[in-house]
Amino acid sequence: MRRVSIFGATGSIGQNTIDLIARDLPAHDVVALTGGGNIDRLAADAIRLKADVAVTAYEDRLDDLRTALAGTGVEAAAGQGALAEAADRPADWIMSAIVGAAGLAPGFRALRHGTTLALANKESLVTAGPLLMAEARAHGATILPVDSEHSAIFQALVGEDIACVEKVIVTASGGGLRDWPLERLASATPADAGAHPNWDMGQRITIDSASMFNKGMELIETREFFGLPPEKIEAVIHPQSLVHALVGYCDGALMAHLGAHDMRHAIGYALNWPDRRALPVDRLDLAKIGSLDFHAPDPARYPALRIARAVMETGGKAGTIFNAAKEVALDGFLAGRIGFMEMAGVVDAVLDALSAQFRLTIPMSSLEEVLEMDHIARQTAWAHIEKRRQAG
Ligand code: NAD
Ligand code: MG
């Protein structure tokens, strides 16, 4: 029996992970499931999967969770300490699918126990990539990519020599607003940006797809996870989202990974790795699909890509600042305090302001230092949003 835990179990990735595990429950011993405010979902899944413990991130929801789990034998816990305690519980495979920088600490903690961490939480790699990878190495832990593009790259690299890689191409759908005229983008609402043409994902990542902050994150994620230099990493728009990524080799071969729009492929690959097993995802009918299109992203429409490239080149503290500023910019957009196209302006302004205060290229040496920089970047971003609002 394989001991598994799922952090962010109530979200989009978490629910897809549960779907796969529930299909073969006798092979899995479910240790911990964690969630946020959706107590009913968390409790129902914890009971169905016979988890040892269910944890809500919110301390004020502990009583609700206790009530929902009364008499079931599933333990209830809440808050940051409980999340850390859940990450300390022995498990062979842990899904890291909390959204945002909140996913960093539990993932870090789990690595200390030498576990296999299936990493959907891309923010961990963007904000603290070198530390996270070093932590895994120090404890003999394995990190497996779950982002579809990175799972695709990982699969295209099997049996190959990374030294022979000339470039990695990450594909992007272009997001929900890709066909809008450029001048209309400034007026896009969260509802407009929150509809994805191809994938069904959580709200934050869907809006990040429309702005391509998600793709910017993924370029940085590629650099951190595979250790490739920025000039070998590219993004291309591919509206069908069927090719998830391509790896170009020194002999001119380009290995593409294709698959249906279903995160259960990448999750299942990480769950079964190093084996490949049958998965309940649609098979592609190429003759029916007919054609695949690719084109270069328009820099005026997607400033996030330019910023992400600068962040990759700077390294050091830049990823932490980028991630934090982008999360706050998204909060500001969701709250109606800034417009869709202003998000990039906020991230630019925070990077500029903090590069005047800190030597960004100097790497950080501890998780505490990362969290401190994350905090400073968030404060700077909110102050900038407020200043913009006052300026009218
Ligand atoms: P989601 O919003 O659907 O779910 C997020 C989960 O995190 C929920 O369980 C929520 O309760 C929990 N959570 C939220 N805030 C928390 C906090 N402060 N502390 C603890 N838990 C908290 O998000 P998602 O779309 O499933 O994405 C999860 C992660 O996977 C993100 O990092 C995202 O970028 C990445 N990812 C998602 C997809 C996708 O298809 N959804 C694809 C690739 C990568
Ligand atoms: Mg992705």
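A residue is called buried when its relative accessible area is under 20%, exposed when over 50%, and partly exposed in between (1.4 Å probe, protein chains only). At 61% relative accessibility, aspartate 40 therefore counts as exposed. The model examined here is predicted: local features need pLDDT of at least 70, side-chain atom pairs count only at pLDDT 80 or more, and totals for chains, interfaces and linings use all residues. Residues are numbered from 1 along each chain as its sequence is written, chains are lettered from A and ligands numbered from 1 in the order in which they are written, and side-chain values use heavy atoms, with hydrogens and water left out.

Aspartate 40 is part of helix H2. Helices (H or I, at least four residues) and strands (E, at least two) are DSSP runs, numbered from the N terminus. Between aspartate 40 and glutamate 75 lie 35 residues' distance in sequence and 15 Å in space, taken C-alpha to C-alpha.

An open sheet of seven strands runs in the order E4-E3-E2-E1-E5-E6-E7, and its pairing is parallel. Two strands pair if DSSP finds at least two bridges between them. Strand E4 (75-78) and strand E7 (142-145) are the edge strands, and each pairs on one side only. From one strand to the next, the twist averages 20°. Axes here are lines fitted to C-alpha atoms, for helices over the stretch in contact, and angles run from 0 to 180 degrees between N-to-C directions. E2 and E3 run parallel and are joined by four bridges. Leucine 33 has alanine 54 in E3 as its bridge partner.

In soluble globular proteins, nonpolar side chains tend to be buried together. Contact means heavy atoms within 4.5 Å. Apart from its neighbours within four places in sequence, methionine 95 is in contact with Ser5, Ile6, Phe7, Ile13, Thr17, Ala118, Ala120, Val146 and Ile267.

Helix H1 (residues 12-22) has Ile13, Gly14, Thr17, Ile18, Leu20 and Ile21 buried. Viewed down the axis of H1, these buried residues fall within an arc of 160°, so they line one face of the helix. The arc is that of the directions from the helix axis to the C-beta atoms. An α-helix has 3.6 residues a turn, so residues three or four places apart point the same way. The cover over the buried residues of H1 includes strand E1 (2-7), strand E2 (28-35), helix H2 (39-48), strand E5 (93-96) and helix H11 (264-272).

Threonine 127 sits in helix H6 (residues 122-138). Threonine 127 is buried, at a relative accessible area of 3%. Leaving out neighbours within four places in sequence, its contacts are Leu104, Gly319, Thr320, Asn323, Met364 and Val370.

A second open sheet has four strands in the order E9-E8-E10-E11, with mixed pairing. Strand E9 (233-237) and strand E11 (254-258) stand at the edges with a single partner strand each, so one side of each has no neighbour in the sheet. Neighbouring strands are turned by 20° against each other on average, direction ignored. Strand E8 (residues 165-172) and E9 run parallel and are joined by five bridges. Valine 170 has alanine 235 in E9 as its bridge partner. Helix H10 (residues 213-226) lies across E8 and E9, at about 155° to E8.

The magnesium ion (ligand 2) has Asp147 (OD), Glu149 (OE) and Glu218 (OE) as its protein donors, at 2.1 to 2.3 Å. Donors are N, O and S atoms within 2.8 Å of the metal (3.2 Å for Na, K and Ca); water is not among the atoms, so sites may look incomplete. Along the chain, the donors follow the spacing D-x1-E-x68-E. Aspartate 147 is buried, with a relative accessible area of 8%. Glutamate 149 counts as buried at 8% relative accessibility.

The peptide bond from tryptophan 273 to proline 274 is cis, with omega near 5°. Proline 274 lies in the loop between H11 and helix H12 (286-289). Lysine 50 is not a glycine, yet has a positive phi of about 55°. Lysine 50 is exposed, at 66% relative accessible area. Serine 241, also other than glycine, has a positive phi near 50°. Serine 241 is buried, at 6% relative accessibility.
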